[in-house]
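Reader: Hey, I've just opened this one and I'm new to it. Can you walk me through it?

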Amino acid sequence: MTRVWSAAVVGVTGVPVEVEVRISSQLPCVDVVGLPEAAVRESISRIRGAIAASGLPFPDRRVTVNLAPADLRKNGAGLDLAIAIAILAGGGSLPPEAVDGRAFVGELALDGRLRATRGVLASLLALRAAGAREAIVPAGCAERARHAPGLEVRAAPDLAAVMAHLLGGERLPSAASLCEGRTLEDAGGAGDEDGLPCLSDIRGQPLAKRALEVAAAGGHGLLLTGPPGTGKTLLARRLPALLPSLREDERLEAFCIADAAGIIAPEAAIPDRPPFRAPHHTASAAGLLGGGNPIRPGEASLAHRGVLFLDELPEFDRRCLESLREVLEQGVVRIARANGTWELPARFQLIAAANPCACGAYGSPGRDCRCDDAALARYQRRLSGPLVDRIDLVVGVGEVPWSVLNGPVDGPPSAVVRERVARARAIQQVRGFAPNAALPDARLDALVAAEPAALALLGRAVERLHLSARVARRLLRVARTIADLAGRAGTTSTDVAEALSMRQVR
Ligand SMILES: Nc1ncnc2c1ncn2[C@@H]1O[C@H](COP(=O)(O)OP(=O)(O)O)[C@@H](O)[C@H]1O
Ligand SMILES: [Mg+2]
Ligand SMILES: [Zn+2]
């Protein structure tokens, strides 16, 4: 019996898979245990073809392939290489010690070439944890595979090259050496911030622009409300350009998810900008939160370490929004399955936009709202639901006068605001909790360091507007961010007043 290591991806988590091959002296046939039937048929024909095309013998006896753990629904294709190697080792084409400590990830083509598979980074991280010393991956995956720490990763173009390496012939190059000298720009990713839409494209809307800056500086959730055509979508799409670049560990986390979801080209570099996801309001619960079988990450996870933009917020399915509230608080999506609960990371910054009513005219001067009372109430209930309750900043966006819309560019460009945001974030880092949106309740008073006058102002607002304690704490966090943007040690009443101006809930 021969055992070879590979890995599959469930959700965004790599899971080591043991490929066991037994060859018995019965009539030639192949049995596979532990894969869905359709996937088995496909992979066996690919593997047969690849072995033949590489000029290697397929065992002329009964081959039983067992994939463990058996209860795990596997994607299949990424296991091809490991199954082929196990069959070849079982058939005597490889000495057993050639596969010791080695793991194999990759899909085979009929001609023996190795195809890039999604999820290679998550797979490698799992294999390292399981004790693999060397991993062999398709050359097409080298760019991302080289980032797997603590493991020797080698990249192969085809099955024949893998066999040569295992038999002590020509060594496979390491994934890192294959990509040597490549910069982020070469790989067509990262760094090109100038390509992002700029804040100065937007005329007027000073309050909304300032709210974007505060949201970026403190990682606060932001809801923009206002009539159609006032630039809400335009504004929201400019948030990512204001955010700091991701740290190395955050980049890897975000990239692992995108890789597992298969949403980026295999040869693409790991971007250093935070992800930005803008799902349509017709998105299903699985599309938004993740799910399916095998489990796939949803938009909430694809936005991990970045921004989730929900345009036309009240149009989203109500239950989806309810679930999203929990995700927003916990930073993770939990999916229960027979074989355990799977966690998909989902720590994102939420930005949302909404019209004031279904027809969009409610509350704007000179326009008649065509919604009846019941419809209006229903719409506004959705806008004051539990999710909105957890959004720190709620800002109205009004119509921009024609003269401003056609006037000169106003307000600072994104690059200038990003500088200010970076300085405010650096202050938060020193304080030990970043961003401010995540300041812990227990230490809030000490960390916010509000002056007595600031607390008195907040107290009066709480009474007059009947604000909940939760909203009051949110306002303190926002005020702290405003003080950080100004470089103030204490939080003043000016900061609280500005925070209050950015919490416009009907
Ligand atoms: N403040 C603004 N500055 C510049 N263009 C604007 C502004 N507001 C709206 N526009 C123009 O109107 C279009 C619609 O804006 P959009 O962001 O989609 O509005 P909303 O999401 O509020 O309905 C934009 O593509 C842009 O051309
Ligand atoms: Mg819009
Ligand atoms: Zn209306």
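Reader: How many helices and strands does the protein chain have?
Author: The protein chain has 19 helices and 18 strands. Helices (H or I, at least four residues) and strands (E, at least two) are DSSP runs, numbered from the N terminus. This is a predicted model, where local features need pLDDT of at least 70 and side-chain atom pairs count only at pLDDT 80 or more, while totals for chains, interfaces and linings use all residues. Residues are numbered from 1 along each chain as its sequence is written, and chains are lettered from A and ligands numbered from 1 in the order in which they are written.

Reader: What does the C-alpha trace span along its principal axes?
Author: About 85 × 50 × 50 Å.

Reader: And how much of the protein chain counts as buried?
Author: Of its 506 residues, 46% count as buried. A residue is buried if 20 or more other C-beta atoms lie within 10 Å of its own, exposed if 12 or fewer, and partly exposed in between, with C-beta atoms placed from the backbone.

Reader: OK, domains. What does the domain assignment give?
Author: Domain 1 (2-178), domain 2 (193-414) and domain 3 (439-506). Those bounds come from an automatic or database domain assignment.

Reader: How many residues of domain 2 are in contact with domain 3?
Author: Twelve residues of domain 2 are in contact with twelve residues of domain 3. Contact here means that the C-beta atoms of two residues, placed from the backbone, lie within 7 Å. On the domain 2 side, the elements giving two or more residues are α7 (206-218) and β18 (393-396). That side divides into six nonpolar, five polar and one charged. For those classes, Ala, Val, Leu, Ile, Met, Phe, Trp, Tyr, Cys and Pro count as nonpolar, Asp, Glu, Lys and Arg as charged, and the others, Gly among them, as polar.

Reader: How far apart are the C-alpha centres of domain 2 and domain 3?
Author: They lie 24 Å apart.

Reader: Back to α7. At what angle do the axes of α7 and α15 cross?
Author: Roughly 35 degrees, and the axes of α7 and helix α15 (residues 414-431) come within 8 Å. Axes are lines fitted to C-alpha atoms, for helices over the stretch in contact, and angles run from 0 to 180 degrees between N-to-C directions.

Reader: Which residues make the contact?
Author: Glu213, Ala216 and Ala217 of α7 meet Val417, Arg420, Val421, Ala424 and Arg425 of α15. By class, that contact has five nonpolar, no polar and three charged residues.

Reader: What about α17 and α18, where do their axes come within 11 Å and at what angle do they cross?
Author: The axes of helix α17 (residues 452-465) and helix α18 (residues 469-486) come within 11 Å and cross at roughly 145 degrees. Ala454, Leu458 and Val462 of α17 make the contact with Ala472, Leu475, Leu476 and Ala479 of α18. Here the classes come out as seven nonpolar, no polar and no charged residues.

Reader: Switching topic: which residues come nearest to ligand 1?
Author: Of the 14 residues around ligand 1, Arg203, Gly231, Lys232, Thr233 and Leu234 come nearest. A residue is near a molecule if its C-beta atom, placed from the backbone, lies within 6 Å of it. Helix α8 (residues 232-236) gives the most to that shell, with three residues. The shell has six nonpolar, six polar and two charged residues.

Reader: Is α2 buried or exposed?
Author: Helix α2 (residues 80-90) is mostly covered, with eleven of its eleven residues buried. Just after α2, glycine 92 takes a positive phi of about 95 degrees.

Reader: Which peptide bond is cis with omega near 0 degrees?
Author: The one from alanine 68 to proline 69. Proline 69 sits in the loop between β4 (62-68) and α2. A cis peptide bond also joins alanine 434 and proline 435, with omega about -10 degrees. Proline 435 is in the loop between α15 and α16 (444-448).

Reader: And arginine 305, what's its phi?
Author: Near 70 degrees, a positive value in a residue other than glycine. Arginine 305 lies in the loop between α11 (299-302) and β14 (307-310).

Reader: Why does arginine 305 count as buried?
Author: Because arginine 305 has 22 other C-beta atoms within 10 Å.
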